[in-house]
Amino acid sequence: VERAKQGHIDLYFVGDSITRRWAAATGYPDLLANWNENFSGWNAADFGWGGDTTQNILWRLNNRELDGVHPKVVVLQGGTNNIPAGVTAGEITRGLQAITNTIREKAPEATIVVTGIFPRADIPNALATVREVNESLAKLADGQKIRFLNVNSKMLDRDGKLYPGVMNPDNLHPALKGYEIWAAGLKPILTELLGAPAKESATR
């Protein structure tokens with residue numbers, strides 16, 4: 001909220017607790033340090049909420065979350081929390097598409113980078129749903145104003161098992177190594193869209 005009041009937010013992350021933990025001011029100092037190292041020079045801000053589904057994220061966006069922010073790039077991460085509710089891959093995809101459409105309405109000049117759902121090893125057979133959603137999301141991207149990033153090949157081996165250290169013991173939230181993989185996938189896209197990061201951020 002404070003950063004939104006200041007303005008000068010070029011890069012905005014929206015999502016659930018996976019997004020929230022990365023830049024949390026308290027509770028995850030190693031993740032915050034990683035966030036600052038990777039994104040602060042791009043005037044970045046994020047807003048996520050634990051347990052949020054696509055419906056929750058859409059509600060937030062429709063209730064002024066992005067109003068007055070005017071970012072140049074929005075990174076969207078969501079859909080993870082819809083899986084344990086038994087929602088189909090098609091329903092999750094439609095929810096993420098609705099969120100993408102709303103972001104375009106709220107920030108028409110922004111490029112949207114849709115992040116594929118990360119692996120969920122805590123739920124049996126969840127990976128099949130994750131793969132189906134991600135395949136559908138890839139088709140929604142136009143490669144220009146809507147980009148798609150899927151880093152799961154860096155998190156899973158050929159047998160679909162998580163590489164050691166990429167996820168927390170809950171097998172839901174990425175560990176620091178998982179966030180580093182996400183950042184490595186984002187940075188070439190962000191550099192293309194925003195240029196090289198400044199040495200210091202204009203927001204505090």
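**Close-up views of a predicted model**

**View 1. Loop residue R64.** R64 belongs to the loop that runs between helix α4 (54-62) and strand β3 (73-77). The model shown in this and the following views is predicted. Most residues other than glycine have a negative phi. R64, which is not a glycine, has a positive phi near 85°. With a relative accessible area of 65%, R64 is exposed, because the cut-off for that class is over 50%.

**View 2. Loop residue N171.** N171 is found in the loop between β5 and helix α7 (176-194). Its phi is positive, about 55°, although N171 is not a glycine. The relative accessible area of N171 is 26%, so this residue counts as partly exposed.

**View 3. The five-stranded sheet.** Five strands form an open sheet in the order β2-β1-β3-β4-β5, and their pairing is parallel. Strands β2 (44-49) and β5 (146-149) are at the edges; each has a single partner strand, so one side of each has no neighbour in the sheet. From one strand to the next, the twist averages 20°.

**View 4. Strands β4 and β5.** Strand β4 (residues 111-115) runs parallel to β5, and four bridges join the two. T115 stands opposite L149, a residue of β5.

**View 5. Helix α3 on the sheet.** Helix α3 (residues 29-39) packs on the sheet, where it touches β1 (11-16) and β2. The direction of α3 makes about 140° with that of β2.

**View 6. The ring pair F13 and F39.** A pair of aromatic rings is described by the distance of the centres and the angle of the planes. For F13 and F39 the centres are 5.2 Å apart and the planes stand at 55°, so this pair is tilted. F13 lies in strand β1 and F39 in helix α3, and the pair links distant parts of the chain, 26 residues apart. F13 is buried, with a relative accessible area of 0%. F39 is also buried, at 0%.

**View 7. The ring pair F13 and W182.** The ring centres of F13 and W182 are 6.2 Å apart and the planes are at 80°, so the pair is edge-to-face. F13 is part of strand β1 and W182 is part of helix α7, so the pair ties together parts 169 residues apart in sequence. W182 has 0% relative accessibility and counts as buried.

**View 8. The aromatic cluster.** F13, W22, W35, F39, F118, Y179 and W182 are linked into a cluster by ring pairs. The count of aromatic pairs in the model comes to 12.

Definitions and conventions: Residues numbered from 1 in each chain as written. Predicted model: local features only at pLDDT ≥ 70, side-chain atom pairs only at ≥ 80, totals over all residues. Heavy atoms only, no water. Pairing = 2+ DSSP bridges. Axes fitted to C-alpha atoms, helices over the stretch in contact; angles between N-to-C directions. Contact = heavy atoms within 4.5 Å. Buried < 20%, exposed > 50% of the residue type's maximum accessible area, 1.4 Å probe, protein only. Phe/Tyr/Trp six-rings, centres within 6.5 Å; stacked < 30°, edge-to-face > 60°.
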